[in-house]
Every structure is written in C-alpha cells, then in structure tokens.
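The following questions and answers set computed values against the definitions that give them their names.

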Amino acid sequence: MRDANKINEYFTGERTLFLIPLYQRKYAWQRKHCERLFDDLVKVYRDNRRSHFFGSIVCVRANEVDDDLLIIDGQQRITTISLLILAAIKAYKDGYITCEAGNEYVEDMRNKYLIAKYRRGDRKIKLRPIESDRVADDALIDGDEDKFVSADKSGITLNYQLFYELLKLNQLTFDELIEAIERLIIIDIRLDSGDNPQLIFESLNSCGKDLEEADKVRNYLLMSLSSAQQEDFYYKYWSKIEACTDDEPTMFIRDYLTVKTKLISKITDLYFDFKKYDELAGMSREDLLADMLKYARYYRQATKGETGSEKVDRKFHQLGNIGSSVCMPFYMQFLDYASANGISSEEIYKVLDIVENYWARRIICAYPANVMSKTFA
C-alpha cells in the first residue's frame, strides 16, 4: 500500500508498462466525464491550486522480472490522461496551442507519459489497453489518421477528438496543461502477492454506478486465475459470450441465473446473486464458463432467430416482435432440452407456436405482461 502521490510520479519509469487485464471492461469515459476533468484542470491552473484529488489507482506487479503494473482499478483515469496529453501534442504541432519551453519539452512529456523508450520489444507504448481499445490507442500514438478507428466505434478516438477541440479554444498552453495535470493527486494502492484483488475490487465498486453488472461478473470469473488462464478463458469463453449477446451480456446473465435457480434477480443484485450461485454450484471456473457459453448460444438463437431452421427462425422473429423477452429463460432451457434429446425443428416450431398463441390470447384479453416473468421462470 502506498500513500497519496502526484500523478506524474505514477507515470515515472522508462521501462514500466501499464497493463489493463483482459477481464477489464472497455474504455468507457463519456463526454461529461472528460469535460469535467478538463474544466477542473483549467480551474486548478487559473486558481493556482496546489493539488486536486483524482481518485485511486489499484495495481499489482505483473511479474517478478519487469516493473510492469497490472491495473486492477483506475484504467479509465490513466487512459484519459494519456488521451489528453496525446491531444495536446497534436494541438501544439498543428499550431493551436503554444509551448514556452519549446519542442524539446513537448517531446520529453511524450516520452514521460506515453512511451517506455527503454523497454525491450517492438511495442514501447506505456499503456496497454485491452485488445478492442489497443488498435485505436496505437493508431493515435502513431499519428496516422488513415488508420484511426472511427469515433462512433471507439471511445478512445472520440475522447481524443473531444480533448483536441477543447484545447483549440486556447484556455491553456501546453506548459500550463502539464502543470495542471501534475497537480492531480491519486491514492496509489499497490497490492502485495498475499492480497485478494477481487475483494478490493468489490469494495471499490460496490455501489454499482460505474460498472455494469456483467463487468463485475466477468472480473469475478477471471480475476482469481493466473495470467495464462485469464487469457485462455477470456478468448475461449468470455469473448464468445459477449459476441453472442452483442457485447451486452448483463440481461443474458440474469436469464442464465433464472434458468439455474428458477429465481429472477434484480439487476442491482445480479453480481452478488451470481457469486452466490457459483459458490453453491461448486463448478470449476472452466466448466462454469463453458456452461454459460452454451446457454449464450441458445440466447443468440432465440434473440436473433439463428437456429439454422428458416421456419423456427421466423417464429422467433415473430415472438420478438410481440415483446416476449420475459420468456427467454424458457427458450434457452427448451433449446438445450431439444438439443440433448434430438427434437426436430418441426416439434420445436410447434412448441414456439403454442407460446405465441398463449401470448396472443393474453394480449387480446388485456392481461398484464409483468406477471409472465415468474410464469416462464
């Protein structure tokens, strides 16, 4: 454990990399967060404040050989500071902001905050985001605009462009911006090998405001594993679960729990309900992830009409049009039953037709739909 430090001290180290574990969520700061940070930095400099609290960063040594840090909590702050400095360098080179210290100072700040110049290997960029963010971040570092990931597909690019536009308003010079950044204070929490990162992660994110429940479940499933297992299970199972749910697995996880427990979790309780289920089920981590992936594929078949049978797919589309999402636990369990017992697509169609008929009769009779969740659970 360490005390409060200025953020520029955190970035010190010409060989240190900031590694965002695979189980972490994508970069997610929104426009309002970036604008608030920029406004705070302007006030910090203009009001000559000695410091400004910027939150906590929790990390652990990645290995015993390098100085690399695995960022358990705080990747949003580190990434955002990197994007702001990148945008400032671009604004300076384009002539929108000045720097009294000149080109050499700008290059020094680039190396200090963004580059591990003495790092072995080809990639010397100090921040290593998760794979889906890394392509966008690397393109910004390289400065090749033809390779930029479009802003509508990447929060990395979007917030970089936002900071660039804010800097063009000439509220701060490059020197002043760096001076304001260096007044940011963080709580630097570095875990020992005996600490439990999952418990610390829970305590930092227990309010559920910043993270989706699915983010917490993903971290719970992967955080306790070795680095090699994390990478293996992430690509083998979790990334495929996300693909099956269009990168929004929270509702799937709730329906999966309903299948397994016959109870319906509140979204705000989903993480703790999932953790309780895992503890009671006693499955290995890989068996649990494999089972979740199996049901995620059934979820995909039901939500998108992708069973491979044109007739059944058409029926699922029809059911989707009448808003039968509360039936999803039944659909998933039935598709699993049909697969295990070799039920034909004709029989599957008949079952779904009965469900549709039932829904139609309730709609005609103006019966409320909210009670159906428990019926199908």
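Contact means heavy atoms within 4.5 Å. Helices (H or I, at least four residues) and strands (E, at least two) are DSSP runs, numbered from the N terminus. The model is predicted: local features need pLDDT of at least 70, side-chain atom pairs count only at pLDDT 80 or more, and totals for chains, interfaces and linings use all residues. Residues are numbered from 1 along each chain as its sequence is written, and side-chain values use heavy atoms, with hydrogens and water left out.

Q: What makes Gln75 buried or exposed?
A: Buried means under 20% relative accessible area, exposed over 50%, and partly exposed in between (1.4 Å probe, protein chains only). Gln75 has a relative accessible area of 5%, and is therefore buried.

Q: Where is Gln75, and which residues is Gln75 in contact with, leaving aside its neighbours within four places in sequence?
A: Gln75 belongs to helix 3 (residues 75–93). With those neighbours set aside, its contacts are Ile20, Gln24, Arg25 and Lys26.

Q: Why is strand 4 described as largely enclosed by the rest of the structure?
A: Five of the five residues of strand 4 (residues 69–73) are buried, so the description applies.

Q: What makes strand 3 and strand 4 a pair?
A: Two strands pair if DSSP finds at least two bridges between them. Strand 3 (residues 52–61) and strand 4 have four bridges, in the antiparallel sense; in strand 4, Leu69 is the bridge partner of Arg61.

Q: Which residues of helix 9 and helix 13 meet?
A: Tyr220, Leu221 and Leu222 of helix 9 meet Arg285, Leu288, Leu289 and Met292 of helix 13.
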